[in-house]
Amino acid sequence: MQVYRAKATFEHLGVRVLFITFGHAYWAEAWRAETGVGFPILLDQARTVYRAYGLERSLRRTYSPRTLLFYAKKFLRGEGWRPARGDPRQLGGDFVVGADGRIVLAHPSRDPIDRPSVNTLLEAIRARGAEEAPCQLPPTA
Amino acid sequence: MMLRVGDPAPNFTLPTLDGERFTLSDQRGHPVVLIFLRHLA
């Protein structure tokens with residue numbers, strides 16, 4: 001499942017979800033219209049925040065055999081392929097920041113198809129929530 | 001720099017697609033998920 005299809009679940013947990021792109025606002029708007037993403041999209045064209053979070057640009061990782069095989073299979077399934085708008089070497093990543101401002105989960109992508117599942121993100125949030133607010137757990141009989 | 005679990009999340013302020021400004025530290029008290037996209041295809 002894509003994160004933007006789990007909006008209600010994240011909102012129920014009181015989680016703020018932000019998408020960050022280094023792309024131009026025009027393409028970000030087109031992507032939002034196409035996907036229907038309901039979360040805020042932040043613009044980082046200078047990629048200062050990408051660098052601050054340690055996200056690499058890598059030609060070798062972008063075109064790794066694993067990635068090429070993944071896209072070849074997609075193509076053969078008839079799912080199509082579109083050229084990159086922007087720098088294809090820039091890798092993404094996913095981070096969960098706890099209510100205290102500290103990193104709970106850090107997942108810089110090793111290659112373009114390396115992303116954590118929605119469940120992995122939710123588990124990290126729930127585990128930290130239980131640590132931070134044990135007094136909010138229902139009392140035992 | 002590789003961020004690790006337990007490290008303070010680097011603070012930042014960025015514009016949103018809707019013309020507002022977002023500052024991470026303003027979200028203190030709420031968990032936040034940051035999804036850094038690759039290119040927009």
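Guide: From the N terminus on, the elements of chain B run β-β-β. This is a predicted model, and the secondary structure of chain B comes to zero helices and three strands. The C-alpha trace of chain B spans about 30 × 25 × 15 Å along its principal axes.

Visitor: What makes the sheet with the order S2(A)-S1(A)-S3(B)-S3(A)-S4(A) an open one?

Guide: The open sheet has five strands, in mixed pairing. Strands S2 (41-43) and S4 (103-108) of chain A are its edge strands, each pairing on one side only. From one strand to the next, the twist averages 20°.

Visitor: How do you know that strand S1 of chain A and strand S3 of chain B pair, and in which sense?

Guide: Pairing requires at least two bridges. Strand S1 (residues 16-21) of chain A and strand S3 (residues 32-36) of chain B have five bridges, and therefore they count as paired. Their sense is parallel. Arg16(A) stands opposite Val32(B) in S3(B), and Phe36(B) of S3(B) is the bridge partner of Ile20(A).

Visitor: How many bridges join S3(A) to S4(A), and in which direction do the strands run?

Guide: Five bridges join these two strands, which run antiparallel. The threshold is at least two bridges, so S3(A) and S4(A) also qualify as a pair. In S4(A), Ile103(A) is the bridge partner of Val97(A). The hairpin of S3(A) and S4(A) has five residues between the strands, and Gly101(A) takes a positive phi near 85° there.

Visitor: Why is the meeting of Asp18(B) and Arg32(A) called a salt bridge?

Guide: The rule asks for a side-chain nitrogen of Lys or Arg within 4 Å of a carboxyl oxygen of Asp or Glu. For the side chains of Asp18(B) and Arg32(A) the N to O distance is 3.0 Å, and so the pair meets the rule.

Visitor: What makes Glu29(A) and Arg32(A) a salt bridge?

Guide: The closest N and O atoms of Glu29(A) and Arg32(A) are 3.1 Å apart. The limit is 4 Å, and therefore this pair counts as a salt bridge. Both residues lie in helix H2 of chain A, three residues apart, which is about one turn of the helix.

Visitor: How many residue pairs of chain A and chain B are in polar contact?

Guide: The count is 24 residue pairs, both residues being at pLDDT 80 or more. On the side of chain A that touches chain B, at least two residues each come from S1, H2, S2, helix H3 (48-52), strand S3 (93-97), S4 and helix H6 (118-132). The residues of this side divide into 37 nonpolar, 11 polar and 11 charged.

Visitor: What area is buried between chain A and chain B?

Guide: The size of an interface is often given as the accessible area lost when the parts come together. Here the area buried between the two chains is about 4300 Å², and carbon and sulfur atoms give 62% of that area. Arg16(A), Tyr53(A) and Ile103(A) supply 15% of the area that chain A buries against chain B, more than any other three residues. The contact takes 59 residues from chain A and 33 residues from chain B.

Key:
Residues numbered from 1 in each chain as written. Chains lettered and ligands numbered in written order. Predicted model: local features only at pLDDT ≥ 70, side-chain atom pairs only at ≥ 80, totals over all residues. Heavy atoms only, no water. Helix = DSSP H or I, 4+ residues; strand = E, 2+ residues; numbered from the N terminus. Axes fitted to C-alpha atoms, helices over the stretch in contact; angles between N-to-C directions. Contact = heavy atoms within 4.5 Å. Buried area = accessible area lost by both parts, 1.4 Å probe. Polar contact = N/O pair within 3.5 Å; in protein donor to acceptor, adjacent residues only side chain to side chain. Nonpolar A, V, L, I, M, F, W, Y, C, P; charged D, E, K, R; others polar.
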